[in-house]
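Please open the structure in your viewer and keep the selection tool at hand.

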Amino acid sequence: MSHQHSFDSLETLAIHAGNTADPLTGAVVPPIYQVSTYKQDGVGGLRGGYEYSRSANPTRTALEENLAALEGGRRGLAFASGLAAEDCLLRTLLEPGDHVVIPNDAYGGTFRLFAKVVARWGVEWSVADTSDPAAVRAALTSKTKLIWVETPSNPLLNITDIAALAEIARGAGVRLVVDNTFASPYLQQPIALGADLVVHSLTKYMGGHSDVVGGALIAADEAVGEELAYHQNAMGAVAGPFDSWLVLRGIKTLPVRMDRHSENAVRVAEMLTRHPKVTRVLYPGLSDHPGHEIAAKQMKSFGGMVSFRVEGGEEAAVEICNRAQLFTLGESLGGVESLIEHPGRMTHASVAGSALEVPGDLVRLSVGIESADDLLADLQQALGR
C-alpha cells in the first residue's frame, strides 16, 4: 500500500491523510461504516475490496492510511487495543525459540505480555537498558529477532537513541520496534530514524480524549506490512468502525494538542524541581535529564508526561495522588484532561518483584491542556506547600 501525498507537513497530514470526501454525499468526514458484511458484485466480485469487516472496513481503512502517512510507513494497521497490536506483531514475526531484547523500564502490560503470555510458547526475552547502546548490543544473542524500545519510556521517561539502535539492529540482522505512544508521530518519527516497526496505543495521545481504546502497528517495509495484515485478519483483534472514527477525529487536533501538552509539562516539571518535597523530576525537557540531548535531537518537543519522586517514600507518593483535585486519579494518559497515578500500585503493578519494578516513591503525571496556572496550584496543594 503506497501513501504518497502532495503535502508532507504533519499538521496537514493529520487532517487530510485518509480523510477523502465521501463519494456519495461529499461529506468531509469519513462515515462510520457500522456494517459487518457487504453486497458482492457476483461471486468473488468485491466492491471496493470489501467483503467482511474483520478483513477490512472503510472507516478503519481511512484510519490505517492516516497512521501510515503520519509515521512515514508503508502500511498502517489498527487494532482493538495497543496490546492487541503488540500481540499481533509478536506472533507474526516470532517463532518458538526466538529471543527479544526489551527495555528494563517497559510498560507493565508489555512486560506481562512477554513474561506471562508469549514466553509460554517458547519465546525468550531479556532486559537491557536501551538508553545504553552498548548494553543492548551485549544483550543480543544468535536467537535475537527483535529489539523493543519505548522512548520516552513509561513511567521513568528514559530516552533511547533510535538511530543508534537502528544501526545496531541492522548490523545484527534484527528488527527494531519502537513504541511511539508517549511522543506521538508529531513529536518523533522512528521510521525516519531507522526503525522497522512502530507501535501505538491509540487510546492515548492519538485519540486524545479518553473516550476510545485502540492500538496500531506501522511497518516501514511493504512485505512486513502485508504479513502483519494477514495475521490481523486471521487473529481478528481489529479496531471497530466507531473506534476508528473516534481516533481519526482525535488525530486531527494532535499537533495543537501536543504543543499545549508540552508547554504545560515544561512548566510543571520546572515547578517540581523547585519544590522541597520532590527529590527528583523525570522529564526529558530538563537540561539535567541524562537523555536530554538525544531527546532534543530526535524529538520536536518533549511531550506531556512527567514523573517525579518524593520525600517520605511510597505512602507519601500515594497521599499526593489522593490529594490531587484537578489532576484526576486514574490510569491511562494522553487525554486533554490531566491525570495522576502511582505506577507501583497501578499501571506497573505487574512488574513488582521483577527487574522492571518501579520505585515506590514515584508519581506519574499526564499533563493535560488545562490552564497551566491551575495545574501548578493543584500540584502545590497536593504536595503540601
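How many aromatic pairs does the structure hold? The structure holds 4 aromatic pairs, where rings of Phe, Tyr and Trp (its six-membered ring) pair if their centres lie within 6.5 Å; planes under 30 degrees apart count as stacked, over 60 as edge-to-face and the rest as tilted. This is a predicted model, in which local features need pLDDT of at least 70 and side-chain atom pairs count only at pLDDT 80 or more, while totals for chains, interfaces and linings use all residues. Residues are numbered from 1 along each chain as its sequence is written, and side-chain values use heavy atoms, with hydrogens and water left out.

**First stop: two aromatic pairs**

Select tyrosine 38 and tyrosine 50, a tilted pair with 5.6 Å from centre to centre and 35° between the planes. Both residues lie in the loop between α1 (10–16) and α2 (58–71), 12 residues apart; helices (H or I, at least four residues) and strands (E, at least two) are DSSP runs, numbered from the N terminus. Tyrosine 38 and tyrosine 50 are both buried (buried means under 20% relative accessible area, exposed over 50%, partly exposed in between, with a 1.4 Å probe and protein chains only).

Next, select phenylalanine 111 and tryptophan 125. Their ring centres are 5.5 Å apart and their planes stand at 85°, so this pair is edge-to-face. Phenylalanine 111 belongs to helix α4 (residues 108–117) and tryptophan 125 to strand β3 (residues 124–128). Phenylalanine 111 is buried, at 7% relative accessibility, whereas tryptophan 125 is partly exposed, at 27%.

**Second stop: helix α12**

Now select residues 313–323, which form helix α12; Ala317, Val318, Ile320 and Cys321 are buried there. Seen down the helix axis, the buried residues of α12 fall within an arc of 155°, so they line one face of the helix; the arc is that of the directions from the helix axis to the C-beta atoms. These buried residues pack against β9 (305–310), β10 (328–329), β11 (339–341), β12 (362–366) and α13 (372–383), contact being heavy atoms within 4.5 Å.

Finally, select Leu83, Tyr107, Asn154, Ser201 and Lys204, the closest to the centre of the largest pocket among its 26 lining residues. On a 1 Å grid over the protein atoms alone, a pocket is an open set of points where a 1.4 Å probe fits, with protein on both sides within 12 Å along at least five of seven lines; lining residues have an atom within 4 Å of a point. The elements giving two or more residues to this lining are α3 (82–93), α4 and β6 (197–201).
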